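This report describes the fold, the backbone and the chain contact of the model shown below.

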Amino acid sequence: MSEVSSQKPVVNSQTEPVAAAPRPAKWTASDYWRLATDFFRAAGAVVWKDLAAELRSKELLSAMLVFSLLVVLIFNFALELERSRATLATVVSGVLWVTFIFAGTIGLNRSLAMEKDRGSLDGLLLAPVDRSAIYFGKTAGNLLFMALVEVIILPLLSVLFNLSLLHPLLLLVVLLGTLGYAAVGTLLASMAIHSRARDVMLPILLFPVAIPVLVASVKASAAILAAAGWDEIGPWVNLLIGYDVIFVAVAFMVFDYVVEE
Amino acid sequence: MEKPNRGLQILNIASAGLLVVATGLVFLYAPQERTMGEVQRIFYFHVPSAWVSFLAFLVTFVAGIAYLRGGNRRWDIVARSSVEVGLLFTVMTIITGSIWARPAWNTWWTWDPRLTTYTIMALIYVAYIMLRQGLEDPERRARFAAVYGIVGFISVPITFMSIRWWRTIHPVVIGSGSATAQGGFDMTSRMLVTFLFSLFTFTVLYFCFLANRVRLENLAERVEQLKAKLLSA
């Protein structure tokens, strides 16, 4: 264990390839521990790489943020949000999620397309790590970027529509919904970037599959904003958790086939 | 052109014969429904079409898994053919449903959970075909399509559940319906016979279409090979 933690990060390619490591005849707890730490260090390295690249260029986050603001602005004109005080909770939760999902699509597309255009995807795949660790890292990175945008948009919307959106339960729903969206989105975006019309392909592939996330998140958010009880919010939160678990598991199983060359 | 093999010929003739008998049963044998009248007869086409579309997408799902496990191109052809046949039956279901809904619900369309889920499912498989068209490398196309066929199929029941929690007005003829359903009815034994026969006919029809579509794909591939041979010669 101490020897594992003294190793350098996996991306440095100094470490022993995991795949080539001799498989012990009998698996002990420390073997599993080593596998798990390797996996999470590899995933963490992918997230760190995305974050470092973004901190330098800042192009993805700024694009997502400006785009989100524009969507909110357009909804404000289209739906006349100010006038209908009575239905504000329902309408705002819808606006909120459509904004997040549109911004998320931009982020997902850019995050995977950049990997392909700069040839760094091939580099990532050459790294001697489990490929699902790459998937996990990319998903976590996309989740992080979407969450950063949401952290800025939520207080802003609260001010703009004079409605408190910083409810702890709402933040949980936002996190669960974003997780499900990023998990499926990362998988589908890694397919969409290979397609000829890749910019339009992602939403076409992703939206019909992500409808349960949208429905459950909008319904749960509306119930929370309308100060409803847990019996009204609970089923939607459970549905979100179920969706997240199922699709993270499915994506883990099939991601190897998507990046196999 | 080479003739279809014996089994396929029998399947083609059998499906045509069954379809004639089924149509006869629907219009001559099945009694008229009391409240809805003649328009209820569309039920014998509507429900089997819907069943066949689900069956077709299930076949795509299973064929996708089989392709990813073994890498046999036959499974990819089956998956792709099944989506096309499934979409045909999906469109038939939506059209027959609308024709029935106009007199029964007094509207062509309503945002009922079943109708909405069904439309979303149709869009998933339209996206499946668009994904295939956007990819050039046949091996990658097969892999991606298999993955999307799996992800899409798993999402359909979850979508249905998420939308069902709003009340439904779609009738449930088999099993217990919800209290708000409109246009439901109890089947007499003659209706049941007609319905089951129609269900069987459509299932046979599905396999007939699928087999022909797979044959067409194989022939198209042969043509491609012959062309390549001719050019290289």
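## Backbone, folds and contact

The model is predicted, with local features requiring pLDDT of at least 70 and side-chain atom pairs counted only at pLDDT 80 or more, whereas totals for chains, interfaces and linings use all residues. Residues are numbered from 1 along each chain as its sequence is written, while chains are lettered from A and ligands numbered from 1 in the order in which they are written.

### Positive phi in loops

Most residues other than glycine have a negative phi. Asn106(B), although not a glycine, has a positive phi of about 65°.

Lys58(A) belongs to the loop between α2 (29–57) and α3 (59–79) of chain A. Lys58(A) counts as exposed because it has 10 other C-beta atoms within 10 Å.

### Chain folds

Chain A contains nine helices and zero strands, and chain B contains six helices and zero strands. Two residues are in contact if their C-beta atoms, placed from the backbone, lie within 7 Å. Among contacts in chain A between residues at least 6 apart in sequence, 82% join residues at least 24 apart. In chain B, residues 24 or more positions apart account for 71% of the contacts with a separation of 6 or more.

| Chain | Residues | Buried residues |
|---|---|---|
| chain A | 261 residues | 42% |
| chain B | 233 residues | 36% |

### Contact between the chains

The contact takes 25 residues from chain B and 22 residues from chain A. On the side of chain B that touches chain A, α4 and α5 (138–164) of chain B each supply at least two residues. The most is given by α5(B), with 15 residues. By class, this side of chain B has 18 nonpolar, five polar and two charged residues. Here Ala, Val, Leu, Ile, Met, Phe, Trp, Tyr, Cys and Pro count as nonpolar, Asp, Glu, Lys and Arg as charged, and the others, Gly among them, as polar.

Conventions: Helix = DSSP H or I, 4+ residues; strand = E, 2+ residues; numbered from the N terminus. Buried ≥ 20, exposed ≤ 12 C-beta atoms within 10 Å, placed from the backbone.
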